[in-house]
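Here is a short note on charged side-chain pairs. Please read it with the model open.

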Amino acid sequence: MSLGKFEVVVTVMESGSLTKAGEVLGLTQSAISHAIASLEREYGFSILTRGRAGVSLTSNGERLLKYMREILKWNEQMMQEVSAINGIEVGTVRIGTFTSVSTQWLPGILKQFQDQYPEIEIKLHEGYYDDIEHWALTGAIDFGFVSVPTLEGLETITLHRDRMYVLLHEDHPLAGQETLSIYDLQQEIFIMPKPGCDNDIQRIFKQYAFTPQVKYELGDDHAIIAMVQNGLGISILPEMILFRLPSNIRAIPLQGEHFRTLGMAVPSLEQMSPASRRFLTTVTEWIKGHVAV
């Protein structure tokens, strides 16, 4: 059976190197190399190539990777069902997440879940919206936190609506306003989230056919806030990110019904594993009890 070899290949690609894959799986680099070579001999062609830039899939390896992930996923689900039949809650849940969810929600959710299901392992993969969508579509994660709407091919559950705010330095001429319209911002220098984590703002700009004067693009929310704090421009961010803002920054609501809608995305709600279903139930219960509507 090649399950162990499939796990080696998938882990190498997810971790980016043989050494890191060995650390994740508790195997030596020699054992990792042997497993890959054995699978390549069995199939009669190369699956991975090794170069200065690291490890990458061959074209044949790319064709097989999605099947390896599917086989591993279904084997994991079967073993979870076997355990459930025997009255034991075990398994692994792989979750895609981004910074504000990791900071504001996950610690409480994970504590509640681990108290209930101590034998279920949680693996977190942090990235931008488009990373998480891609991981969910390719089977690299079981499900992920996303901004809704998301890509076709994914099913979603809506969790929370997060109001959008304009961030200004306290000395900015507009800092005294109670609300701001998008047209108030036409002459302003924008500090934008980089592509892949700017979906919510781009939807607003598209709605008003508005082209901002973007000077900086950053992928880290805290870096954007620091730039605003130093008077380098303004930004628009969702409320959940604005926890413990510096005292010299004003967060002013954007006029209109502008929200980031947060949800969970999965390839198929019907085909979720037992452990994933339990985690999703914990997420919805925790949000209902801890997040203001």
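The points below cover salt bridges in this predicted model.

1. Overall count. The model contains 7 salt bridges. Three of them are taken up here, among them Asp162 with Arg260.

2. Lys5 and Glu42. Their side chains form a salt bridge, 3.5 Å from N to O. The partners lie 37 residues apart and join distant parts of the chain. Lys5 belongs to helix α1 (residues 3–15), Glu42 to helix α3 (residues 29–43). Lys5 is partly exposed, at 22% relative accessibility. Glu42 is also partly exposed, at 46%.

3. Asp162 and Arg260. Here the N to O distance is 2.9 Å. Are the two side chains buried or exposed? Asp162 has a relative accessible area of 2%, so it counts as buried. Arg260 is buried as well, at 1% relative accessibility. The cut-off for buried is under 20%.

4. Asp200 and Arg203. This salt bridge has an N to O distance of 2.9 Å. Both residues are in helix α8 (residues 199–207). They are 3 residues apart, so about one helical turn separates them. Asp200 is buried, with a relative accessible area of 6%. Arg203 is partly exposed, at 33%.

5. Background. Side chains of opposite charge can pair when their charged atoms come close.

How values were computed
Residues numbered from 1 in each chain as written. Predicted model: local features only at pLDDT ≥ 70, side-chain atom pairs only at ≥ 80, totals over all residues. Heavy atoms only, no water. Salt bridge = Lys/Arg side-chain N within 4 Å of Asp/Glu carboxyl O. Helix = DSSP H or I, 4+ residues; strand = E, 2+ residues; numbered from the N terminus. Buried < 20%, exposed > 50% of the residue type's maximum accessible area, 1.4 Å probe, protein only.
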